[in-house]
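Colleague: I am new to this one. Can you take me through it in short answers?

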Amino acid sequence: MNADLDRAAEAILRKNDRGRYTVPNGRVYPFQWNWDSAFVALGFDRFDRDRAWTEIESLFQAQWEDGFVPHIVFWQEDPGYFPGPAVWGTGRAPMTSGITQPPVAASVVRRLWDSARAAGEEARFRPRLEALFDRLLAWHRWFRDHRDPGARGIVVAVHPWETGRDNAPEWDAPGEAIDVSNVGDYVRRDTSHLDAKMRPTKLEYDRYLALVQFGRALGWDHARIGRESPFQVADVGMSMILLRANRDLAALADALGREAEGVEIRQMVARAERGISWLWNEDVKAWCSRDLLTGRSSGFVTSASFLSFYAGLVDPARDGAMLAHLDRIGKAVPYLMPSLDPADPGFQMIRYWRGPVWAVVNYMIGTGLAESGYAAAADRVRGDTRSLIARNGFYEAFSPIDGTGSGGDDFSWTAAIWLAWRP
Ligand code: DGY
């Protein structure tokens, strides 16, 4: 049966492959998404190594001169998605959005490199690694220079879409500062493909659009947006992911003999190891996002809170507190890891990032737990993910209560994680 599912996962990636990039799902998301592509490469790597590297290379073809890597690359027009390139108005070729997404790519490239070496293909892939390394480093410098004003080694998001966790409740209070009075009329496309109960609300969409209009009015000047945006939230997810990505990039610098760059990257790691405690919330004893403009911690325990293990942070007291949350949540729901603590009154089992389980987040949580020596917890997260997929299909996300698929079906990153976690 697992062999059938392996073949089904490969078939989904082939179906969603548009040549040099993969769409997350042809109807709902018909373009190249940044962190989707990175995870997708992990899946391709299990059966087509060249295609895996191409996925990352095509994403970085859309990198801007300042190092920024967009969250969507609109390689071709498609009326099935809103907001399309005309709304973003970045004026780039290829057409792109003006915001970024969680920087998982360096960690994926390290995996691709390790896999190529294990297969004796080091010489063939080294030139491709050399080229990608410089681009990854430019992106990480962009985060350091534009999204970390307090030099804490964290990532400040200027749009909920940047976090990848679009409608997480962590953005509710900070979102109140966004003026939506001039957004105007628009037609959403997501709710014509999917049940509106699974998607963000109208108020959330108004805020998303207002922030797009804000960036556009500033000519997508990232330095100004970073300083002036009405939404500036230190995202615990992106911050943990970048810390991890910098550790992986430092390892790649060593592999390539890039000493000076290795020193620079390790400075970014050290900065985060000193500063990221700013995201620890002692009241709820968890890692939480924090509003940079008001200084307030969200106080929400989300799946992103558990990425501290993936980030390689070691602190016995805090790790113990996070494992206690994991144990409690694991008793409350059959499937880990819900995107919001099920004890929270705002928990909704099928609404996007307010409850459902996401395979890619589980992959990072499970990887981090295993590397930190918490084998039983890691096995639970991995086993739950595999059961959800095996029983329900390759959905975008899943209810942690009954496993119902939520969002798009035949979803690329879910197929990729199935393959990446193949025994
Ligand atoms: C969407 O359109 O729902 C995406 O998540 C934005 O990146």
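This is a predicted model: local features need pLDDT of at least 70, side-chain atom pairs count only at pLDDT 80 or more; totals for chains, interfaces and linings use all residues.

Colleague: Which strands are the edge strands of the open sheet of 3 strands?

Modeller: The sheet has antiparallel pairing and the order β4-β5-β8. Strands are DSSP runs of E, at least two residues, and helices are runs of H or I, at least four, numbered from the N terminus. Two strands pair if DSSP finds at least two bridges between them. Pairing on one side only marks the edge strands, β4 (156-157) and β8 (290-291).

Colleague: How are α1 and α17 oriented to each other?

Modeller: The axes of α1 (residues 2-16) and α17 (residues 412-420) come within 9 Å and cross at roughly 140 degrees. Axes are lines fitted to C-alpha atoms, for helices over the stretch in contact, and angles run from 0 to 180 degrees between N-to-C directions. Angles under 35 degrees count as roughly parallel, over 145 as roughly antiparallel, 65 to 115 as roughly perpendicular and the rest as oblique. The two helices are therefore oblique.

Colleague: And how are α15 and α16 oriented to each other?

Modeller: Helix α15 spans residues 359-371. Its axis and that of α16 come within 8 Å and cross at roughly 160 degrees. The pair is therefore roughly antiparallel.

Colleague: Is A390 buried, exposed or partly exposed?

Modeller: A390 is found in helix α16 (residues 375-392). Beyond its neighbours within four places in sequence, A390 is in contact (heavy atoms within 4.5 Å) with M1, L5 and W418. Buried means under 20% relative accessible area, exposed over 50%, and partly exposed in between, with a 1.4 Å probe and protein chains only. At 27%, A390 is partly exposed.

Colleague: How many residues of helix α2 are buried?

Modeller: Helix α2 covers residues 34-44 and is largely enclosed by the rest of the structure. Its buried residues include W35, F39 and F44.

Notes: Residues are numbered from 1 along each chain as its sequence is written. Side-chain values use heavy atoms; hydrogens and water are left out.
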